[in-house]
Structures are given as C-alpha cells and as structure tokens.
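Good morning, and thank you for making time for this item. I would ask you to keep the sequence and the structure in view while I speak.

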Amino acid sequence: MGAGVSGWKLARAVSRAGQLGVVAGTALDVILARRLQQGDPGGHFRRALARFPVPGVAERILDQFFLPHGKDSSTPFRAIPLLSTKSSGEREDLIVAANFAEVFLAKENHTRLIGINFLEKIQLPTLPSIYGAMLAGVDVVLMGAGLPLSIPGVLDNFAAARTARITLDVRGSAKSSSHELHFDPKEFCPGVAPTLRRPDFYAIASSAIVASVMARKSTSQVDGLVIEESSAGGHNAPPRGPMKLDAHGEPSYGERDVVDYGAIEKLGLPFWLAGSYGTADALERAQELGAVGVQIGTPFAFCDESGITSRLKARALRRIRAGNDHVHTDPLASPTGFPFKVFELPNTMSEPGIFERREKLCDLGYLRHAYEKSDGRVGWRCPGEPTHVFLRKGGKPEEISGRKCVCNGLLANIGLAQLQPSGVAEEPLLTSGTDTSTVRALVSECGMRYSAEDVIEHILGATATAP
Ligand SMILES: Cc1cc2nc3c(=O)[nH]c(=O)nc-3n(C[C@H](O)[C@H](O)[C@H](O)COP(=O)(O)O)c2cc1C
C-alpha cells in the first residue's frame with residue numbers, strides 16, 4: 001500500500017504470520033533519503049545498505065543523505081533531482097538501493113514470501129526499482145494502475161542478467177517506440193552481473209477484460225491476478241464508459257463494472273479478490289467465486305506496523321470507532337486522472353481550505369506524465385504544479401481543477417512531510433478503502449492499537465496464523 005504505508009515492517013509482520021506481505025514500491029528512493037536524514041532510527045536502513053552487493057553505492061548514499069543526529073525540524077529535507085529520461089547514475093543507484101533495502105528488511109530473519117507492488121503509470125523508476133527488489137530476492141512483483149504487459153518479460157531478462165526495456169507512454173507522441181527506457185544489469189554491476197531468481201508476477205486488474213489481456217498478451221508468464229473492486233483503498237480504476245458522477249460527486253459504478261468472475265476463472269490463473277474482503281464471510285464469498293484468497297488493505301493500513309504516523313492513525317481510528325468516518329472517492333484529486341479514495345480528516349488535504357492554501361509546486365514528480373515537445377524531446381508535466389507552468393507546457397486548463405499533490409500528501413502521512421519554501425509543512429492526504437467495518441471491529445476487540453497478526457486472526461481465526 002502506497003508510499004510507505006505498507007513498508008518493510010508491515011510486510012514482514014504479515015509474512016511472518018503466514019501470509020504474503022507486500023511492500024509498496026512507490027517513492028522508496030525518497031523515503032530512504034529522508035529516513036537517513038532523520039538519523040535512520042534503529043539503524044535499519046544502514047544495516048540493509050551494508051548488504052548491498054554493488055561496491056561504493058551504499059557509501060555514496062550515506063555520504064549524501066545520512067545525518068547521524070537527524071535533521072532539525074525547521075530544515076527542509078534535501079531536494080532530490082526529479083526523475084527524467086536523462087537521470088544520473090547516482091539517481092538510479094538510489095532507486096536500486098532503496099528497493100533492495102526495503103525488500104531486504106522485509107525478508108530479514110525469516111524464510112517466508114515477500115512481494116513488492118508497483119503502479120504501471122509510474123514508469124521512470126520501474127526498471128531500477130524491480131532490479132533492486134530482485135537483488136534482494138523479492139518473491140512476487142505485483143503491478144496495476146495500467147496494463148503492465150511488458151513487466152513479466154522484464155523479470156525474465158533481469159533473472160538472466162540481460163538488459164530489460166519498457167516503452168514510455170508519451171502524450172502526443174506519434175512514434176512512441178522511440179521513447180524507450182532500459183536498464184542493463186551488466187552496466188549496473190561492474191564485473192559479473194548475477195543471475196537472479198525470477199519472482200512471480202501478479203497483475204492487478206479490475207475487470208475480466210483487463211485480466212484476460214494480461215493473461216494472453218503479456219511478454220512472458222503471468223503467475224496470478226489480483227482483482228481489485230471499486231471499494232478498494234488508494235487509486236481505483238475509473239468506471240467503464242464516460243465518467244458519470246453520483247449526487248455526492250463520486251464516480252458512479254454500474255452494471256458494466258460488475259466483474260465477471262466466471263470469465264476470470266476460465267483464464268486458469270490463481271486469483272485473489274480485493275476491496276472490502278476483510279472478513280471471514282467475505283473470504284468465503286471470494287473462495288466461492290473461485291478465488292484462492294483475498295488481498296486486504298484498509299485493516300492493515302491502520303494497524304500498529306503500518307507506516308502511517310501514530311498520531312494520524314489515532315485520529316482516523318477515533319473517527320472509525322465513533323462511526324463518523326467518511327471516505328470520498330475523488331475523481332479529480334489524483335494527477336493521474338484515476339479516482340482516488342480520500343479519508344476525510346480535519347487538518348489534512350481532504351479539507352478544501354487546507355488544499356486551497358497550499359502553494360502549488362511539484363518537487364517529487366512521481367505522478368507527472370510525459371509529453372512530446374515540439375522538437376520531439378520528452379517533457380514532463382503535472383496538473384499539481386503551478387498553473388502557469390502546467391499551461392506553458394501544453395497542459396489543458398480543464399485538467400487542473402481539484403488536483404491535489406498526492407506525492408507530498410502521501411509522504412506527510414508517514415512522517416516525511418517536506419517543508420515548502422515558505423516554511424509551511426506539507427499536510428497529509430490519507431487514503432483508505434470505503435469499508436472500515438473490519439477496522440471498527442478490530443478496535444472494539446483489541447482497543448486503539450492492534451497488530452497485523454490481529455487482522456489476520458480476525459479474518460482467518462486464531463489458529464490460522466503461522467508460529
Ligand atoms: C492506504 C492505502 C494505500 C494503498 N496504496 C496502494 C498502492 O500504492 N498500490 C496498489 O496497487 N494498491 C494500493 N492500495 C490498495 C490495496 O493494495 C488493496 O488492494 C485494497 O486496499 C483492498 O481493499 P480494502 O482496502 O477494502 O481492503 C492501497 C490501499 C490503502 C488502504
């Protein structure tokens with residue numbers, strides 16, 4: 001789950017309890033750089049970096065970012081150059097090492113499986129991220145938010161120490177094949193690039209059509225599918241057909257969005273269901289539909305091991321306990337154009353006043369999209385950046401309204417808020433699934449703090465968690 005919510009601590013706890021723990025692969029480079037600037041409490045990232053197999057990389061990263069006593073709270077985090085097609089080798093090193101470190105820590109001291117989750121839409125860091133995760137022996141790569149047809153082949157290539165390539169989606173580009181990203185393990189690992197175990201690949205889809213395209217047209221083997229329904233936390237697939245909004249301004253999902261599980265079963269791949277499946281009854285319903293299991297988000301997002309700050313978690317949990325929580329599926333909030341679920345909480349970006357007060361700027365840039373400039377070169381723009389800059393780059397005025405800075409909001413959720421140039425800290429932007437009933441049940445069973453193991457026991461029964 002997005003940007004550090006499902007960090008290594010949560011993924012490890014889930015794995016140790018016998019399930020597949022998944023780390024979020026988004027923005028791990030910035031998360032590593034900022035944790036090091038906070039003094040790396042517990043020394044976890046330094047321990048992981050010490051095991052990074054390519055000489056010199058960890059040392060350079062520590063030199064650049066590690067502050068033994070942590071940075072002063074009135075000093076901003078050090079800016080990192082935004083990714084581009086011409087990013088430096090050092091920028092790439094940071095991505096590989098950060099993904100390595102997160103998976104290394106999630107896998108440390110046990111032998112169970114760990115997955116990593118990426119969004120297809122965020123393309124620039126994809127190849128070095130996957131390579132870093134594979135260097136740490138990741139067992140499963142999961143990817144949604146697009147059609148990640150090329151990723152299974154990428155896994156094959158990296159496993160064999162071969163160069164992998166993906167095509168960059170460039171708006172307005174006539175010949176998209178000319179915009180290609182590549183990563184060569186032999187260049188990255190001077191001497192001999194190791195052959196690596198090929199992780200399984202699970203595609204995240206929200207319809208039988210997408211699942212079927214993934215199963216039939218991918219560049220190599222797809223090993224499983226996660227079928228995510230529209231109540232799931234984070235980004236959602238838009239409704240099929242033209243976007244219609246209901247009376248609350250939320251995307252209106254109808255008959256055409258009902259998943260054809262019969263068609264999915266016929267694909268012959270194991271599949272898991274996601275979106276309000278965090279109860280024993282829902283698990284049973286999923287199994288009746290042919291699923292081998294379920295993917296759970298929201299109940300884990302608020303557990304002890306999740307990366308959301310304790311303060312923010314406690315505020316959200318108080319609302320959930322009182323039954324006055326509300327999650328709004330915002331069709332505009334995300335610069336990606338995908339609907340994004342926003343947990344409404346005072347003093348966060350869910351409040352119009354806080355959102356409008358924010359000085360617009362784009363200093364993380366993960367959700368920017370590529371466009372072709374008049375000279376054929378690739379440019380980058382985000383509707384969350386200053387309006388005049390976005391328009392100058394050819395962005396359309398109608399794309400701007402209501403767009404929030406999801407990147408900065410998500411990092412603020414996990415205690416890594418940047419200070420804007422004015423000195424004001426970025427505010428959180430909390431996301432969760434629509435269904436918080438399992439969280440409410442856990443709070444009434446366990447109190448205001450519950451663990452990942454409590455979540456699993458709640459769904460599977462006390463005997464089902466691994467020793
Ligand atoms: C806080 C939060 C962040 C999430 N971030 C991501 C993400 O980055 N990528 C992704 O594929 N799914 C993400 N999800 C979706 C979960 O992986 C999962 O599919 C979903 O939460 C399941 O539905 P549930 O929330 O009703 O349990 C996120 C969910 C939550 C609650």
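Predicted model: local features only at pLDDT ≥ 70, side-chain atom pairs only at ≥ 80, totals over all residues.

**Surroundings of G7**

Setting aside residues within four places of it in sequence, G7 makes contact with V23, E102 and G307.

Is G7 buried or exposed? G7 counts as buried, because 24 C-beta neighbours lie inside 10 Å, and the cut-off for that class is 20 or more.

I turn now to the ligand. Its shell consists of 27 residues, of which the closest are G2, G233, G234, G297 and G433. Two elements, β2 (114-119) and α12 (298-301), each contribute at least two residues to this shell. What is the make-up of the shell by class? Sixteen of its residues are polar, nine are nonpolar and two are charged.

My last topic is a sheet. Three strands make up this open sheet, in the order β5-β13-β14, with mixed pairing. The edge positions belong to β5 (170-171) and β14 (378-381); each has a single partner strand, so one side of each has no neighbour in the sheet. Between β5 and β13, the latter comprising residues 369-372, the strands run parallel and are joined by two bridges. Within this pairing, R171 is placed opposite Y371 of β13.

Thank you for your attention.

Definitions and conventions: Residues numbered from 1 in each chain as written. Pairing = 2+ DSSP bridges. Helix = DSSP H or I, 4+ residues; strand = E, 2+ residues; numbered from the N terminus. Buried ≥ 20, exposed ≤ 12 C-beta atoms within 10 Å, placed from the backbone. Contact = placed C-beta atoms within 7 Å. Near = placed C-beta within 6 Å. Nonpolar A, V, L, I, M, F, W, Y, C, P; charged D, E, K, R; others polar.
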